[in-house]
Amino acid sequence: QHYYITNNLSEMLRSVVIIIVILNSAISDEDDVINDEDIADQTYDAQLEPQFVEVVKEVPPQQKVFDKFIDLPKLTEEELSMNNRIPSDRFKCDICHIIVFNLGTGFKAEESKLPQRYKSKGIDAVTVIDIVEDVCVMDKFYGHYSVFTVEDEPKLCGPAFPDRKGLGMLYKHGPWPKRYRSYCGGILEDYEEDEVYNHYRSGNLFTELCMKGDCKGKLSEIPEAVDFKPFSKDEL
């Protein structure tokens, strides 16, 4: 009788296990069925996930400006070379322009420091020599000037050209500072320091250094930025 009871309990437990397995299988099969609620859940989850798709659309105006900004000016192969000599004539007048601007601002700055009674005499010879000798150093160009695209043409831009508005990239390295130094030395080697200062004092520094040379025929008048005037009587 004890054996009979134990055997019955064993059969009952086996039946229970089978029923549980059948129920789990049925639940699992039900989960595999795609219904409307599942589709809605998947759609919601997809909206939360980032979508990496290729979108083709018209470039906004500001993007076009940025694209133009990062374009380098169109220079010739010779101009892009590392040659320290200015490879083409189209930049020589601009560089002469910069030299006169640097000289004029240097002279003007030192004259402004003079007491009123000494302004008519001008700065001393030692200061003049220092300004002229210092004007050709690369630091006078480096970080201040570069080749930009102005009205679809490559031109030098910087403090000496306040009216030039261009797009491009500022060259902090490369041959242009060395080209400035080389050209500047070639221009000023024909003049004594006091002669340069006298041309400034007479108001024809740009005419003497540039208009008679590489700017001849290229400019109809002296640019305002380099049209340095001596102190008037009202300023003395």
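**Helix α5 and its links**

Reply: The axes of helix α5 (residues 92-112) and helix α8 (residues 193-201) come within 11 Å and cross at roughly 80 degrees. Here axes are lines fitted to C-alpha atoms, for helices over the stretch in contact, and angles run from 0 to 180 degrees between N-to-C directions. So α5 is roughly perpendicular to α8; angles of 65 to 115 degrees count as roughly perpendicular, under 35 as roughly parallel, over 145 as roughly antiparallel and the rest as oblique. On the α5 side the contact (heavy atoms within 4.5 Å) is made by Leu-103, Gly-104, Phe-107, Lys-108 and Glu-111, and on the α8 side by Val-196, Tyr-197, Tyr-200 and Arg-201.

This is a predicted model, in which local features need pLDDT of at least 70 and side-chain atom pairs count only at pLDDT 80 or more, while totals for chains, interfaces and linings use all residues. Residues are numbered from 1 along each chain as its sequence is written, and side-chain values use heavy atoms, with hydrogens and water left out. Helices (H or I, at least four residues) and strands (E, at least two) are DSSP runs, numbered from the N terminus.

The structure holds 3 disulfides, a disulfide being a pair of cysteine sulfur atoms within 2.5 Å. One of them joins Cys-93 to Cys-215, with an S to S distance of 2.0 Å. This pair links distant parts of the chain, 122 residues apart: Cys-93 lies in helix α5, and Cys-215 in the segment after α9 (205-211). The link of Cys-93 and Cys-215 is right-handed, with 110 degrees about the S-S bond. Cys-93 is buried at a relative accessible area of 7%, where buried means under 20%, exposed over 50% and partly exposed in between (1.4 Å probe, protein chains only). Cys-215 is buried too, at 0%.

Cys-96 is in helix α5 and Cys-210 in helix α9, 114 residues apart, and the pair links distant parts of the chain. The link of Cys-96 and Cys-210 is left-handed, with -95 degrees about the S-S bond. Cys-96 counts as buried at 1% relative accessibility, and Cys-210 at 0%.

A further disulfide is formed by Cys-136 and Cys-184, with sulfur atoms 1.9 Å apart. With bonded cysteines counted along the chain, the disulfides follow the pattern 1-6, 2-5, 3-4.
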